Amino acid sequence: MKKVIIIVIAVVVVVAVALILFFTLRPKPVVVEQTLIFGSSGDAVRLDPADVTDGESIQRMDNIFEGLVEYKEGSTEIQPCLATSWETSADGKEITFSLRKGVKFHDGTDFNADAVIFSLARQYDTEHPHKQYGEWAYWGWMFYDVEKVVKIDDYKVKIVLSNVNASIMTSLAMFTVCIVSPTNAEKYKEDAFKNPVGTGPFKFVEWVKDDHITLVANENYWRERPKLDKLIFKVIPDASARLMALEVGEVHGIEYPNPPDFDRIRANKDLKLLTEPGMNVGYMAINSGYGYKDGNENSKRDADEPLVKTIGYLEPLTKKKVRKALNHAIDKQSIIDNIYMGTASVAKNGMPPFMPGYNDDVKDYSYDPEKAKGLLAEAGYPDGFDVTLYVMPVSRPSMFDPPKIGEAIQSYLAAIGIKVNIYQVDWGTYLQETQDGKAQMCLLGWTGDNGDPDNFLNVLYGPNAGNIGLAGNYGFYMEEEGQDLLTRALQTYDVKKRAEYYRKFQDLIHEDACYVYLAHSNQNVAFRKNIEGYVLHPTSRKFFYPVSIK
Amino acid sequence: MERKRESQVKELIRRLKYNKSALFGLVIILVLVFCALLANFISPNDPTPSPPDLANSLKPGFWGKDAAPGMPLGSDALGRCVLSRIIYGARVSLSVGFVAVGIAMALGILFGVIAGFFGGWVDSLIMRIVDIMFAFPALLLAIVIVAVIGQGLDKTMIAIGIVYTPQMARIIRSSVLYIKEMEYIEVQKAIGSSNARVIFRHVLPNSIAPVIVYGTLMLATAILDCAALGFLGLGAKPPTPEWGAMLSRSYSYIVSGAWWAATFPGIAILFSVLGLNLLGDGLRDILDPRLKT
């Protein structure tokens, strides 16, 4: 009997141990988290899509937020996104959108007409309680024709325009008009830009200033869930450090690789280089002296808003001959060949050649220091003058190495007797000070947002954009004739007529010489070989939704 | 008096001859001074050519196949001759070093003598201020000063000078304290000499030896700090050929294979600091009476 009990106990123990071993030692299904780390050249400035102007902020936003419409992959044609369909009224001044149902923000708020109206009204409605929390620069540059946004029912809104605007639909796919969660904005008020909540494929987790921003996949995304589980934007300002981080696998992709390193990237079998002509322009703006103060904040220069001196007013630069001399003094071709290392083309107009309305008849200022000296003497400055040049501290899509270009320009201008003092300041301050008109001359770049010429010519060189404090027109070209052409072009649907206006405008601005256009550069991104699905977008925006790690 | 000083100098040179490392340091410094004074004549190219010769950017020197013509140490990212920039850079570094140490000496002697000679609450006040300034790392304090007074080579000199003042003041004070107790000073006081006479005729000349030693060593750190500020973009403004700035603008091309543009300025910094340190150590061995055999 005892024996039986012992045997039974022994069997029970053995079985129990076997079962425990079976369950604990059984190989668990391995879950590999797909984390992609992207090496950026700088940190975001703010995380509110409507209140940013720089590519670093925008590329984070592109993965958190969505708008009513969006661009098709790799093009600037539009397709439905948060709006399922839309109708334009006969006079072209009212567009009615049907909104997608069942979409939720990351914080659980329902997406509906109220959210759309909140996101847009806070940018234009001076009475809106959230107007004070941002500067909404882009609204003034691109959307000032929007008079109001009206709710028809919970899933229908109407955008009412004050003027016909031929570029409005492509503009509506921009980050500026992405829809933000109203409950979140209400909760954080002026700090909402640190806690972005949208409807996009990735959710915001944390932002460690000047180090990284972490996003995770949005499990409740209205489309299929993104293939990546985690997306991290890591800030590595130095281009060679970025490349080395990519080579050792510390990051999976980088932006703005240094052109001298391209051969090294191509030779590495673990890496790939994606490159295509970018929709951008890199230029030096010459402050021609006068801007205007936009008292009523309508982003237009009204009759009662006189020209006033900008802070960066410098007597010699107000003279057209001097500005032309500057244009003649800089050898663009040499800068393209030796600093851009051939990864860009020489710019003679303010927008890239493939844009509609590009004026190829404009004859670029030749590199001719003697002529430049002659022009300076004619203008009354045979011995030159001192001038301060603002030089960007970060790489931009249109300018990989601004400090080097700044120093090259300094050296070119020294040859005609102009002494250039180089001024450098952190990126946020740089943007603010140039928008305030403090720069006498500044280096800047622009990447197109919507593929429309208006987005280059009107935003960068239009007199309406010469409003001190929110200027986009850093050269302060203020001729009314120019604005007239731009406005007429924007209100014309006839493609040919529109192009004609823009061509004329480019003639005018070339003659005024407030800008030294330097380059249209390729956009370059390098990834590790196992990263798939990334598609370059002409606007240099960075969408990681389709990306996966193999 | 005159003969005595002459013999002191002779003695110094005689002793220096037997101190090989100090001699080596002296040679380096003489080469540097030579470069700085005669930069216009000995540098093969213009350090800041205008217009720039961009076509010759990042070309190797004499060792490379595709060498830049007439640039023995290659060219930097803007096609400028690295050797010429280093030679002109010696002028920048040495002038920053001398002016900064000069400022530190002037201020240091002033405050050090006042504190040491008069003692009491003046001494306490000055020394507490010195203590406060010592609480900051030298470079950090220099950055703060530059941030306040602005950027540029002249500002760099002032900033470094101010940062080194407390060290100088403390050194002077301690030797003044020592000399003040000497019998010959008491004699001077007893015969009714004025304070000014005592200070200028007796205290200062006798407390100057450590100042020379530490001044030389300080020169080394001043050059290093100047390069550091330049590297951080706070020192000389472009296109001034400053070693630290040259290094910081070129190091990213090491990855691309153009190592020379960053390496040679680095070597220049290394050797000048090494030379000054060796010389400073040698001078201490010679001038410090306690080390005399």
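Trainee: What share of the residues of chain B counts as buried?

Mentor: In this predicted model, 46% of the 293 residues of chain B count as buried. The criterion for each residue is 20 or more other C-beta atoms within 10 Å of its own.

Trainee: How many of the residues of chain B reach a pLDDT of 70 or more, and which elements have the lowest and the highest mean?

Mentor: The share reaching 70 or more is 96%, and the mean pLDDT of chain B is 88. Where pLDDT is low, the predicted coordinates should not be read in detail. For the complex, the predictor gives an ipTM of 0.81 and a pTM of 0.80.

Trainee: Why is Leu58(B) called buried?

Mentor: Leu58(B) has 21 other C-beta atoms within 10 Å. The cut-off is 20 or more, therefore Leu58(B) is buried. This residue is found in the loop between H2 and H3 of chain B, and has a positive phi of about 55° although it is not a glycine.

Trainee: Let us turn to chain A. Why is Phe476(A) called buried?

Mentor: Phe476(A) has 28 other C-beta atoms within 10 Å. As the criterion asks for 20 or more, Phe476(A) is therefore buried. Phe476(A) is found in the loop between H14 and H15 of chain A. Its phi is positive, about 50°, although it is not a glycine.

Trainee: What makes helix H14 of chain A mostly covered?

Mentor: Eight of the eight residues of H14(A), residues 454–461, are buried; among them are Phe456(A), Leu457(A) and Tyr461(A). The buried residues pack against helix H4 (137–142), strand S13 (280–286), strand S19 (441–447), helix H15 (480–490) and helix H16 (495–512) of chain A.

Trainee: How do you know that Ser521(A) is buried?

Mentor: The count is 27 other C-beta atoms within 10 Å, against a cut-off of 20 or more, so Ser521(A) is buried. Ser521(A) is in strand S20 (residues 515–528) of chain A. Leaving aside neighbours within four places in sequence, its contacts include Gly278(A), Asn280(A), Tyr340(A) and Pro397(A).

Trainee: How do you know that strands S4 and S5 of chain A pair?

Mentor: S4(A), residues 83–88, and S5(A) are joined in the antiparallel sense over five bridges. Pairing requires at least two bridges, so the two strands pair. They form a hairpin with five residues between them, and Gly92(A) in the turn has a positive phi of about 75°. Trp86(A) stands opposite Phe97(A) in S5(A).

Trainee: With which other strand does S5(A) pair, and which residues form its covered face?

Mentor: S5(A) also pairs with strand S7 (residues 156–161) of chain A, in the antiparallel sense over five bridges, where Phe97(A) stands opposite Val157(A). The covered face of S5(A) consists of Ile95(A), Phe97(A) and Leu99(A), and the uncovered one of Glu94(A), Thr96(A) and Ser98(A).

Trainee: Finally, how many residues does each chain bring to the contact?

Mentor: Chain A brings 26 residues and chain B 19 residues. On the side of chain A that touches chain B, H12(A) gives the most, with seven residues. The residues of that side divide into 12 nonpolar, eight polar and six charged.

Definitions and conventions
Residues numbered from 1 in each chain as written. Chains lettered and ligands numbered in written order. Predicted model: local features only at pLDDT ≥ 70, side-chain atom pairs only at ≥ 80, totals over all residues. Contact = placed C-beta atoms within 7 Å. Helix = DSSP H or I, 4+ residues; strand = E, 2+ residues; numbered from the N terminus. Nonpolar A, V, L, I, M, F, W, Y, C, P; charged D, E, K, R; others polar. Buried ≥ 20, exposed ≤ 12 C-beta atoms within 10 Å, placed from the backbone. pLDDT = per-residue confidence, 0-100.
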